[in-house]
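Hello,

Here is the structure I promised to pass on to you.

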Amino acid sequence: MRMVKVSAPGKLMLFGEHAVIYGRPCIVTAVDQRITVICEEIVGDELSVLALDLGIKDYHKKITELGSGSNIPKEVKFVELALKNYRDQYGKIGGLKITTKSDFSSKFGFGSSSAVTVAVLKAVSELYSRKLTNKQLFDLSYKTVLDVQGVGSGFDLAAAIWGGTLYFVGGGKTIRPLKTKPLPLVVGYTGVKADTTTLVKQVGELYKKERVVVNNIFEIIEMITKKASHSLLKGDWVKLGMLMNMNQGLLESLEVGSDKLSSLIYAAKNNGAYGAKLSGAGGGDCMMALVDGKNTGTIKKAIRKQKGEILDVQTGAEGVRIEL
Ligand code: PMV
């Protein structure tokens with residue numbers, strides 16, 4: 001029986017969150033925390049899922065019934081819909097066992113669902129010897145994410161597939177690698193799990209109420225993101241930090257900040273960070289600070305003092321890869 005093992009990285013949104021939903025660019029980097037998926041052929045006509053990190057011990061579904069029924073646990077939805085979409089697009093699949101394992105907790109907002117989706121699709125296509133291009137893998141993964149959660153730009157899928165640091169326009173219209181040095185980032189977790197869909201809807205409400213104002217905010221976020229891509233390429237951390245602070249101010253104006261995020265962001269800024277902002281949908285999850293090597297320790301200490309959890313990650317990690 002054949003078996004394929006694949007891993008895909010998590011991500012951090014550096015610039016442009018929310019605005020990217022409205023056709024503006026963003027910048028995302030893959031982090032060195034990965035999700036591993038083992039895809040094995042098994043006898044019979046069932047999908048079996050084992051995802052202990054997510055509390056899934058023994059999930060079974062007939063391959064012919066993938067995606068049907070209303071009782072699919074949230075944690076399994078991405079796996080099941082990914083396989084259904086693969087089958088619908090590329091033809092018959094047999095009995096499969098999918099085992100997932102994560103280096104990081106799904107609560108951090110590192111994009112575990114997207115990384116799982118990408119890894120499952122890469123693994124099943126390899127198992128059936130169908131070589132998908134990165135763009136084909138992206139399109140099928142993006143369809144899966146939209147099927148499951150209805151909203152999303154797909155930036156996290158791009159990071160999981162291509163890896164590195166990317167300039168990305170919603171839906172994958174542009175996916176451009178940015179050759180940068182590893183970023184000197186300190187990442188702090190607020191301890192609060194953010195719900196991306198709710199926050200995207202909340203910004204959508206604001207957009208409906210104040211279309212012109214919010215559009216102008218997105219316009220400035222786009223300018224900042226474009227400038228940030230140049231500063232990243234030059235390694236100009238002073239400028240990049242300033243742009244992070246500006247982006248954070250605009251995210252606050254979209255009301256996606258939180259007390260906890262602000263307390264960690266100010267702890268970093270008051271202790272010498274070049275700049276700091278939230279990463280992702282906001283409301284919780286993580287903040288990140290761009291730091292000078294000299295004050296890293298002090299900044300970490302200041303974030304911990306505000307009850308933030310430091311997550312040690314390197315940026316620009318490798319994209320999806322076959323492990324076995
Ligand atoms: O919360 P995250 O890490 O999934 O990031 C969400 C970023 C948004 O721009 C708000 C949504 C998206 O899909 O681009």
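The largest cavity has a volume of about 30 Å³, where a cavity is a set of points on a 1 Å grid over the protein atoms alone at which a 1.4 Å probe fits but cannot get out. Volume here is the space filled by probe spheres set on the points, with grid points joined across faces, edges and corners. The structure holds one cavity of 30 Å³ or more. Its lining (residues with an atom within 4 Å of a point) consists of L14, F15, L183, L185, L240, M244, M288 and L290. By class that makes eight nonpolar, no polar and no charged residues; Ala, Val, Leu, Ile, Met, Phe, Trp, Tyr, Cys and Pro count as nonpolar, Asp, Glu, Lys and Arg as charged, and the others, Gly among them, as polar. At least two lining residues each come from β1, α7 (237–253) and β10 (286–290), with helices (H or I, at least four residues) and strands (E, at least two) taken as DSSP runs numbered from the N terminus.

Please keep in mind that this is a predicted model: local features need pLDDT of at least 70, side-chain atom pairs count only at pLDDT 80 or more, and totals for chains, interfaces and linings use all residues. Residues are numbered from 1 along each chain as its sequence is written, and side-chain values use heavy atoms, with hydrogens and water left out.

Now to the largest pocket (an open set with protein on both sides within 12 Å along at least five of seven lines).

What takes up the largest pocket? The ligand does, by the rule that more than half of a molecule's atoms lie within 2 Å of the grid points. Of the 13 residues around the ligand (a heavy atom within 4 Å), K11, H18, S153, T196 and A281 come nearest. Polar contacts (N or O pairs within 3.5 Å) reach oxygen atoms of the ligand at 2.9 Å from a backbone N or O atom of H18, 2.9 Å from a polar side-chain atom of T196 and 3.0 Å from a polar backbone atom of A281.

Best wishes

Notes:
Polar contact = N/O pair within 3.5 Å; in protein donor to acceptor, adjacent residues only side chain to side chain.
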